[in-house]
Amino acid sequence: MRLVQLSRHNIAFPSPEGALREPNGLLALGGDLSPARLLMAYQRGIFPWFSPGDPILWWSPDPRAVLWPAQFHVSRSMKRFHAKSPYRVTLNHAFGQVIEGCAEDRHEGTWITRDIVNAYHQLHELGYAHSIEVWENGELVGGMYGVAQGTLFCGESMFSRAVNASKTALLVFCHAFAQRGGRLIDCQVLNEHTASLGAVDIPRRQYIEHLDACRQEKLPRDFWIPRTLFMPNA
């Protein structure tokens, strides 16, 4: 296993099976963040993640953290909160504000550089990247964004500026996504937060099998049209 240097003139990636074990999943460096390369990466179970000032790093960890929408864990306190939720949840109403929110709301620093923001804006304009927004009294208080691959959604990041805002985004999205045929959400790497919401680790090979199957399927054509997913009780 060795780290592969990508060419700017070829968007091909090496097999994820060749990724390093330590650090887990590091596969390649270099290349660029063009829409064509990003889409090629997601189609192969690969994603970019790097710190400001570093070269572009590409990852495909093993195991892979995933969430089946129907297995989203809602705690008792969250159920009580959501029953009286003050939030309105929308889809694809404010992609730019969401990705900026994800970049800003990081106490430990952010990997969402200006180049990343610009690259995912392009994917959004092309219809591949999507956002879920949480509003309170007209103010954006949380949200998440990611990249669609058929009936699989690759979650990239989320943020919260109010109690349970990001959990509300994921809860409402999981329900809407599953209801219209969505099968799986990619969480990339398991952490305490995603595990508490029901995410689990599966082998990378199994994830790629799911990815290949989901890419052959389609959600209804109108699923990603900007709309309201949830309204608070009057």
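**Figure 1. Helix α5 is mostly covered.** Of the 15 residues of α5, 11 are buried, where buried means under 20% relative accessible area, exposed over 50%, and partly exposed in between (1.4 Å probe, protein chains only). The model is predicted: local features need pLDDT of at least 70, side-chain atom pairs count only at pLDDT 80 or more, and totals for chains, interfaces and linings use all residues. Residues are numbered from 1 along each chain as its sequence is written, and side-chain values use heavy atoms, with hydrogens and water left out. Helices (H or I, at least four residues) and strands (E, at least two) are DSSP runs, numbered from the N terminus. Among the buried residues of α5 are Leu-170, Leu-171, Val-172, Phe-173 and Phe-177. From its first C-alpha to its last, α5 reaches 21 Å, close to the 21 Å expected at 1.5 Å a residue; the expected span of a helix is 1.5 Å times one less than its number of residues. Just after α5, Gly-181 takes a positive phi of about 105°.

**Figure 2. Strand β10 is largely enclosed by the rest of the structure.** This description applies because 5 of the 5 residues of β10 (residues 184–188) are buried. In a regular strand the side chains alternate between the two faces of the sheet. In β10, Leu-184, Asp-186 and Gln-188 point one way, whereas Ile-185 and Cys-187 point the other way. Gln-188 lies in β10 and has a positive phi near 70°, although this residue is not a glycine. The relative accessible area of Gln-188 is 10%, so the residue counts as buried.

**Figure 3. Strand β10 pairs with β5 and with β9.** Strands of a sheet pair through backbone hydrogen bonds, either parallel or antiparallel. Two strands are taken to pair if DSSP finds at least two bridges between them. Strand β5 (residues 64–67) and β10 are antiparallel, with 3 bridges, and Leu-67 stands opposite Ile-185. Strand β9 (residues 152–160) and β10 are parallel, also with 3 bridges, and Leu-152 stands opposite Leu-184. The chain passes from β9 through helix α5 (residues 165–179) to β10 in a right-handed β-α-β crossover. Right-handed means that, with the strands pointing away from the viewer, the path from the first strand over the helix to the second runs clockwise.

**Figure 4. Four strands form an open, mixed sheet.** The order of the strands is β1-β2-β4-β3. At the edges are β1 (4–6) and β3 (47–48), each of which pairs on one side only. Strand β1 runs parallel to β2 (residues 26–30), and 3 bridges join them. Within this pair, Val-4 stands opposite Ala-28 in β2.

Figure 5. Pro-63 is placed in the loop between β4 (57–59) and β5.

**Figure 6. Asn-92 has a positive phi although it is not a glycine.** The phi of Asn-92 is about 55°. This residue is in the loop between β6 (88–91) and α3 (95–104). Asn-92 counts as buried because its relative accessibility is 10%.
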